[in-house]
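Have a look at the picture first, then read on.

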Amino acid sequence: YLIWFPAGGGKSWAYLVVAAFEMLLRRLKNPMDAGVDIIMRYTLRLLTADQFQRSSRLICALEYLRSKNENKLGLTPFSIGIWVGSNTTPNKNLAALQELSKLERNKKDAKQFLVHNCPWCGAHLGYYEEKKLASNKKKKTQYYLGYKNKKNRLILYCPDKSCHFHEELPIYIVDETIYEKRPTFLIGTVDKFVQLV
């Protein structure tokens with residue numbers, strides 16, 4: 001049999017619900033059982049990035065629930081990682097922090113990072129302008145918010161201080177951090193999985 005669903009038919013949301021059920025069930029059975037639970041792979045990087053945005057909202061919802069129910073769901077955060085080529089996300093923390101430094105200094109050749117909005121509250125991650133009056137002339141100072149260096153590792157956070165994820169978002173975009181943290185949900189492209197062989 002062939003079951004065909006048209007675009008916009010809810011396929012992505014359906015398997016995200018199944019994924020959420022599996023992640024919660026695993027933690028309810030054993031709150032100490034953490035690590036990669038769901039692996040999803042795509043052929044195209046653009047599609048992978050789009051699905052990553054949707055899946056990040058789900059992970060933030062699960063992490064919010066876990067933080068309110070630590071006795072049932074454990075102390076290890078639910079998290080998500082995107083595992084694609086270095087043209088889309090940095091492979092190493094050193095490269096990521098170099099790009100962050102360029103972005104903070106408003107360098108023209110700096111590459112923006114993949115996540116542009118907080119999946120939880122929608123706040124913008126990126127450049128913010130602060131207007132200052134200096135000697136009757138308006139000066140604009142740009143700040144790059146949403147990313148920071150924490151113990152030589154790139155961390156994503158929400159710039160909105162009232163957001164639940166102001167300190168850190170449970171999202172990993174650097175390969176080295178993914179290997180270290182073993183996110184609950186891993187989204188990647190076929191070429192990265194081929195490298196495992």
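Two strands count as paired if DSSP finds at least two bridges between them. Strands (E, at least two residues) and helices (H or I, at least four) are DSSP runs, numbered from the N terminus. What you see is a predicted model, where local features need pLDDT of at least 70 and side-chain atom pairs count only at pLDDT 80 or more, while totals for chains, interfaces and linings use all residues. Residues are numbered from 1 along each chain as its sequence is written, and side-chain values use heavy atoms, with hydrogens and water left out.

Start with β1, which pairs with β8 (residues 185–189) in the parallel sense over five bridges. Along that pairing, I38 sits opposite F185 of β8. Zoom out and there's an open sheet of four strands, in the order β1-β8-β2-β7, with parallel pairing. At its edges are β1 (38–42) and β7 (171–172), each pairing on one side only.

Now for β2 (residues 80–83). Its parallel pairing with β8 runs over four bridges, and there W83 stands opposite G188. With β7, the parallel pairing of β2 covers two bridges, and G81 has Y172 as its bridge partner. In a regular strand, side chains alternate between the two faces of the sheet. Both faces of β2 are covered, with I80 and I82 buried on one side and G81 and W83 buried on the other. Buried here means under 20% relative accessible area, exposed means over 50%, and partly exposed is in between (1.4 Å probe, protein chains only).

What lies across β1 and β8? That's helix α1 (residues 11–29), running at about 155° to β1; axes are lines fitted to C-alpha atoms, for helices over the stretch in contact, and angles run from 0 to 180 degrees between N-to-C directions. The buried residues of α1 are S12, L16, A19, A20, M23, R26 and R27. Looking down the axis of α1, these fall within an arc of 130°, so they line one face of the helix (the arc is that of the directions from the helix axis to the C-beta atoms). On the other side of α1, V17, V18, F21, L28 and K29 are exposed.

Finally, visit E63 in helix α2 (residues 45–68). E63 is buried, at a relative accessible area of 8%. Apart from neighbours within four places in sequence, E63 is in contact (heavy atoms within 4.5 Å) with P77, F78, F165 and P170.
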